[in-house]
Amino acid sequence: MKRLLSVLFTSFICTYTFSQDRSIDVLHYQFQVTLTDESDTIKGVAKIKMRYLKPTTQFSIDLKNISQGKGMHVTIISGPSLKSYTHADNKIKFILGKNYHTGDTAEFMISYEGIPADGLIIAKNKYGRRTFFSDNWPNRAHNWLPCVDDVADKASVEFVITAPHQYQVVSNGMQTEETNLPAGNKLTRWYETIPLPTKIMVIGVAEFAVQWAGNVDGIPVYSWVYPENKKDGFYDYAMAPDILQWFIKNVGPYAYSKLANVQSKTIFGGMENASAIFYSENSVTGDRNAEALIAHEIAHQWFGNMATEKSFAHIWLSEGFATYLTTLYMEQKYGEDTARFLREEDRQKVIHFNMRSTMPVVDSLTHEYMDLLNANSYEKGGWILHMLRRQIGDSLFWKGIRQYYQTYAGKNADSRDAQNVFENVSGKKLDQFFHNWLYEKDQPHININWNYNPVSKTITLDIQQMQKPIYQLPLEIEIKTRNGSSLHTLNLEKQKQTFEIPVKNQPTEIVSDPGINVLATFTTRKSTDQ
Ligand SMILES: [Zn+2]
């Protein structure tokens, strides 16, 4: 879900600028991190394998400097032809002793330590037990990991965690080692071979109760919950296998080697970390009321995690997709009434949001990425997919969803890439559709005035689009009479249009968009000038 649990947190989250240094592409990270009970200082050794993207004599990666006692201090850096380095302004700058060529690879090792200012939450859980939960979204990884903290640079990752033996460690990928060490410590290793953006790299280190919840197409699904919540947590999170099955059936194969659903101290309601989804600690209730949340985070494993937005301006490719696919999951499970209810709820959120927002869905001006967790990215993004589905039909819509995923799994995409896929599968030009919904602020405001002529037995509808630009919309109108009702589809494409519809009986009511299929506000009035 990735909704902030409390607005209080926003005041503690600083804006970091992304590393714009595209002279390197990280191929693989190995992060060795030592955690203790004695202090919140972490010790890390990062090995970063990279490829040079252009002739390079210097490059930089992200790592938070120490400020007010928190942040990371670099102790040693080594690597081929490294002449010197600096660590300032939350970046490590590497000065090389030779000019590397495009395509050359190198591996650097960075030793560092410090108290994370953010990104790795070291705190007691609600039962007073010490825990360590990373929370990297959107670009908070560099608070505790030296990395290119940018969604566009994906890399495989291995976490090698040394921590007191009572803790269990969950992370991305497969657990490849767990070994007891002297002095009451334990080493745990997790390896993810599929390249990930840093926003979904994760570790959770705590005392857990862990249950295998089932296998889905050979993918094991686990529940990791606080021992105190074992009964309720295992029950609640055991919904995941059925949800995973639905997504595999409808979208395509699940890419990762396992799925863990983890009770955690994420600041979000849920956080879709690749194959190790974190949920807020209060997500466990014993009532299974987090089904939509679990579906949303599972949807992200395809959209956001595997097919990732090129930049956060296109975050709707994560959040809008997860929102609408959750609605579709709920629709197949609980029926069309539930889907209509969810769409209406989402429509109201968008309308309410647009009363104060002047930004379109694709928003490249907001650099405080937490502010992008808004109704444009989630509900309007989801609504765009719903209207696209109405426009091209169910079968081509699903073909487009699968095609988009297949094309961009393991890669990054932007809104234009998504548009191209849906244009290709539908054979329709969708320029106007995507332009209006993604790049224009607000939503249509539609005024409908109607009157009935008892002599000609026709109803006249004067329809006006009050906003600019003018949208092309198929709008359904339900005409209710004493003897029943009829449904009519009107194609709106001009600022003002008049439609005449023959009716057998005097209408008692006109209902605009009875199926909740158009994102707009409607003002429907019976004209008095008859
Ligand atoms: Zn989400």
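# Helix packing, a zinc site and an open sheet

Reader: What describes the packing of helix α8 and helix α9?

Author: In this predicted model, helix α8 (residues 415-426) and helix α9 (residues 431-439) pack at an angle of about 150°, and their axes lie 11 Å apart. The crossing in which α8 passes α9 is right-handed.

Reader: Which residues make the contact between α8 and α9?

Author: From α8 come Ser415, Arg416, Gln419, Phe422 and Glu423. From α9 come Asp431, Phe434, Leu438 and Tyr439. Contact here requires heavy atoms within 4.5 Å.

Reader: Which residues of α9 are called buried, and what covers them?

Author: Phe433, Phe434, Asn436, Trp437 and Leu438 are buried in α9, so each has under 20% relative accessible area. The cover of the buried residues of α9 includes α4, α6 (376-392), α8 and β24 (473-481).

Reader: What makes His296, His300 and Glu319 donors of the zinc ion?

Author: The cut-off for a donor atom at this metal is 2.8 Å. NE2 of His296, NE2 of His300 and OE of Glu319 lie 2.0 Å from the zinc ion. The donors are therefore within the limit. Water is not among the atoms, so the site may look incomplete.

Reader: How are the donor residues of the zinc ion spaced in sequence?

Author: The spacing is H-x3-H-x18-E. Histidine 300 belongs to helix α3 (residues 291-302) and glutamate 319 to helix α4 (residues 316-334), so this pair ties together parts that are 19 residues apart in sequence. Histidine 300 and glutamate 319 are buried.

Reader: Why is glutamine 348 called partly exposed?

Author: Its relative accessible area is 40%. Buried means under 20% and exposed means over 50%, so a value in between counts as partly exposed. Glutamine 348 lies in helix α5 (residues 336-354). From glutamine 348 to leucine 519 the C-alpha distance is 9.2 Å, although the two are 171 residues apart in sequence.

Reader: How do you know that β5 and β6 pair?

Author: Pairing requires at least two bridges. Six bridges join β5 to strand β6 (residues 91-100), so the two strands pair. Their direction is antiparallel.

Reader: What joins β3 to β6?

Author: Six bridges do, and these strands run antiparallel. One of the partners is isoleucine 92 in β6, bridged to isoleucine 61.

Reader: What is the order of the strands in the open sheet, and which are the edge strands?

Author: The three strands follow the order β3-β6-β5, with antiparallel pairing. The edge strands are β3 (56-62) and β5 (82-88), because each pairs on one side only. On average, neighbouring strands of this sheet are turned by 20° against each other, direction ignored.

Reader: How many residues lie between β5 and β6 in their hairpin?

Author: Two residues lie between them, and aspartate 89 in the turn has a positive phi of about 55°.

Reader: Which domains does the assignment give for the protein chain?

Author: The assignment gives domain 1 (1-207), domain 2 (210-304), domain 3 (308-439) and domain 4 (445-526). Taken over C-alpha atoms, the centres of domain 1 and domain 4 are separated by 57 Å.

Notes: Residues are numbered from 1 along each chain as its sequence is written. This is a predicted model: local features need pLDDT of at least 70, side-chain atom pairs count only at pLDDT 80 or more; totals for chains, interfaces and linings use all residues. Side-chain values use heavy atoms; hydrogens and water are left out. Donors are N, O and S atoms within 2.8 Å of the metal (3.2 Å for Na, K and Ca); water is not among the atoms, so sites may look incomplete. Helices (H or I, at least four residues) and strands (E, at least two) are DSSP runs, numbered from the N terminus. Buried means under 20% relative accessible area, exposed over 50%, partly exposed in between (1.4 Å probe, protein chains only). Domain bounds come from an automatic or database domain assignment. Axes are lines fitted to C-alpha atoms, for helices over the stretch in contact, and angles run from 0 to 180 degrees between N-to-C directions. A crossing is left-handed if the near helix is turned anticlockwise from the far one by less than a right angle, and right-handed if clockwise.
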